[in-house]
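Reader: I have a new structure to look at. Can you show me how to read it?

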Amino acid sequence: MSPALEAVKALAAGFATTLKHLFRKPITEEYPEYKRPLPQRTRARIILTRDPDGGERCVACYLCSAVCPVSCISMQSTEREDGRRYAAWFRINFSRCIYCGLCEEACPTSAIQLTPEFETCERDILTLVYEKEDLLIDHGGKDKEYNFYKYAGVVTKEGVKGEHIKESKPVDVKSNLP
Ligand code: SF4
Ligand code: SF4
């Protein structure tokens, strides 16, 4: 096909699209009366989830705060008597968050998750600082069955070394000696 013919064809295709839209019934979604259902992977308000036993998933490893490009996550780690780590306090400043989702990607326990809930605007900027009690919910979010301590190989009441799912028995180093 000659270049001139190709140009005419492309032009005709463009005009055809314009013409098609000219006669289409307009769709008006009147927010906030109508809220369009958003996909589950939409990146908005952040939550902290629990494992299927109801325990806090967050082990206060600081990975999310380290990866956050705007440094809006802070926490203090501590440990329970049975060896499980958790965050004594956990804070997200949503006035700085850019909802990039990197914290969720970095989290080894599936604790921190972004949700489709985007209506978090406030007049007073300080009310956008969420504490752990504002973030922690009662279920597992997108990953309901996952329980980090059943896989992690960390000694807790979930099991000792070698008892976790897909974990090999510990090697007796003395048996390797000549
Ligand atoms: S979504 Fe991005 S900016 Fe917001 S807390 Fe997570 S890593 Fe930080
Ligand atoms: S939310 Fe996840 S990445 Fe952040 S401290 Fe807790 S376990 Fe680590």
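**Reading burial, shape and core**

Author: Start with burial. A residue is buried if 20 or more other C-beta atoms, placed from the backbone, lie within 10 Å of its own, exposed if 12 or fewer, and partly exposed in between. Here buried residues make up 16% of the 178 residues in the protein. This is a predicted model: local features need pLDDT of at least 70, side-chain atom pairs count only at pLDDT 80 or more, and totals for chains, interfaces and linings use all residues. Residues are numbered from 1 along each chain as its sequence is written, while chains are lettered from A and ligands numbered from 1 in the order in which they are written.

Reader: Which elements run from the N terminus on?

Author: Helices (H or I, at least four residues) and strands (E, at least two) are DSSP runs, numbered from the N terminus. The order here is α-β-α-β-β-α-β-β-α. That comes to four helices and five strands.

Reader: What radius of gyration does the protein have?

Author: The radius is taken over C-alpha atoms, and the globule rule is 2.2 Å times the number of residues to the power 0.38. The protein has 25 Å, whereas a compact globule of 178 residues would have a value near 16 Å. Its C-alpha trace spans about 80 × 55 × 30 Å along the principal axes.

Reader: Which residues have the most contacts inside the largest nonpolar core?

Author: A nonpolar core is a set of buried Ala, Val, Leu, Ile, Met, Phe, Trp, Tyr and Cys residues joined through C-beta atoms within 7 Å. The largest has 18 residues, and Cys58, Cys64, Cys103 and Ile112 have the most contacts inside it. Its largest share, three residues, comes from strand 3.
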